[in-house]
Amino acid sequence: MTVTIERVEVLCLQDPQAAYYRFEGSYQNVVVLVHGDNGLVGIGESDAPPEIVKAAIEMAPYNHLAEGLADIVSGRAVDDPRSLWDEMYERAQWHGRRGAALHAISALDIAIWDLFAQSNGVAVCEALGESHHDRLPAYATIYPLENTTARIDAQVIPFLRRGFRHLKVCVEPWWSEPDRVRRNLTHLRNLVGPERGLMLDVAQEFSQFEQLAPFLDLLADLDFAWIEAPFPLDNVEDHARLRAATRIPIGVGDLGLTTCKEFEPFIAADAFDIAQPDLTMFGGFTEALRLSHMLESTGRRIVPHAYNTDITIAANLHFLATRQEVELIEYSTSPSRLRQDLARGLVSIDDDGMIPIPTGTGLGVTLNADAVAEFVVSRAAEASR
């Protein structure tokens, strides 16, 4: 039976324990619900400013190349999510071919695939293709990393006890003190031991190669598994310089790339080893599948970004389950209650640092109604801001 999209609902959410203008996005969220005429609901989210995503979805038509995404998909059959993605992309092109409109399309695409898979009685990974894995290794992203060895112990040891075998840390303001960097990172490696993986997220704290270059030997000596988001994405040249200067793999894409086309300059410059798209900003499952095909013959890995709720983690698990090789799943350790409480259904990390692919139909996660009721931003509150 063909399922039709009845309506689209957008929820803007805010964790009350943090201000709006915090660096990381886990204290705000935007969730998109796609309601089918069969009573099922697909869910998606985007790691993007909620009001922008909401506006792109709910806006009235401006012209035939700038239409609200909800109007485009409402009343449409959910029998080919890829064709709905293409139509949204074409009919929202007035906003630009990159950026915020793609963030909104991403959340919708994830929700549409969730509804499609639920309606067909399969998990999303089966709807996307063949699933090759039952579980995948998780890595904990620790942000911000404390600035003394004693505080690092108190911060990191609980994650080791939870079973994480891989940890990612970020460049912090104290990286302006090279001696402190050497002391803290060396202590961190000794703390986790040689058998655990360590990764570094520069998070574009450096703007040019010369700022990162003094730390490359230290990172190699401490066996860091990759360097992520080293420079602003317009600086392709320094990404290429970095890749030529170190044996440590270079990751790009998590902080801003929204379509496969934006990876093309990095491929041409041979400037990265690992693609790190955020499915909630990179066009959802549909564009991630296209990226997988695009990189198929290049030998490059795909390790999606995921500093959001269990909705995003579930989406990444389903996507990576379709790939032959075993890859790491990013797991945000943000203390945000919105991050921790919004979704239900994901199985916890097990003792050897693995997380199972969700079973059942669709994404395998559902919204926690109590959390939604607590965190939703009312229209009256939005209007007063």
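## A short tour of helices and buried residues

Ala315 sits in helix H13, which spans residues 310-321. Keep in mind as you look around that this is a predicted model.

- Is Ala315 buried or exposed? Ala315 is buried, because its relative accessible area is 1%, under the 20% cut-off.
- Leaving aside residues up to four places away in sequence, Ala315 touches Leu279, Phe285 and Leu363.

**Helices H1 and H4**
- Two packed helices are described by the angle between their axes and the distance between the axes.
- For helix H1 (residues 50-58) and helix H4 (residues 100-119), the packing angle is about 75 degrees and the axes are 9 Å apart.
- H1 is therefore roughly perpendicular to H4, a label used for angles from 65 to 115 degrees.
- On the H1 side, the contact is made by Ile52, Val53, Ala56 and Ile57; on the H4 side, by Ala100, His103, Ala104 and Leu108.
- Of the residues in this contact of H1 with H4, seven are nonpolar, one is polar and none is charged.

**Helix H3 and its buried face**
- Which residues of helix H3 (residues 81-91) are buried? They are Pro81, Leu84, Trp85, Met88 and Tyr89.
- Looking down the axis of H3, you will find its buried residues within an arc of 135 degrees, so they line one face of the helix.
- An α-helix has 3.6 residues a turn, so residues three or four places apart point the same way.
- The buried residues of H3 pack against E1, H4, H12 and helix H2 (69-73).

**Thr280 in a loop**
- Thr280 belongs to the loop between strand E9 (274-275) and helix H12 (284-294).
- With a relative accessible area of 1%, Thr280 is buried.
- The side chains of Thr280 and Asp278 are joined by a polar contact of 2.6 Å.
- Not counting residues up to four places away in sequence, Thr280 touches several residues, among them His103, which also takes part in the contact of H1 with H4.

**Gln14 in strand E1**
- Gln14 is part of strand E1, residues 5-14.
- Gln14 is buried too, with a relative accessible area of 9%.
- A polar atom of the Gln14 side chain lies 3.5 Å from the backbone oxygen of Tyr27.

Technical notes. Residues numbered from 1 in each chain as written. Predicted model: local features only at pLDDT ≥ 70, side-chain atom pairs only at ≥ 80, totals over all residues. Heavy atoms only, no water. Axes fitted to C-alpha atoms, helices over the stretch in contact; angles between N-to-C directions. Helix = DSSP H or I, 4+ residues; strand = E, 2+ residues; numbered from the N terminus. Parallel < 35°, antiparallel > 145°, perpendicular 65-115°, else oblique. Contact = heavy atoms within 4.5 Å. Nonpolar A, V, L, I, M, F, W, Y, C, P; charged D, E, K, R; others polar. Buried < 20%, exposed > 50% of the residue type's maximum accessible area, 1.4 Å probe, protein only. Polar contact = N/O pair within 3.5 Å; in protein donor to acceptor, adjacent residues only side chain to side chain. Arc of directions from axis to C-beta.
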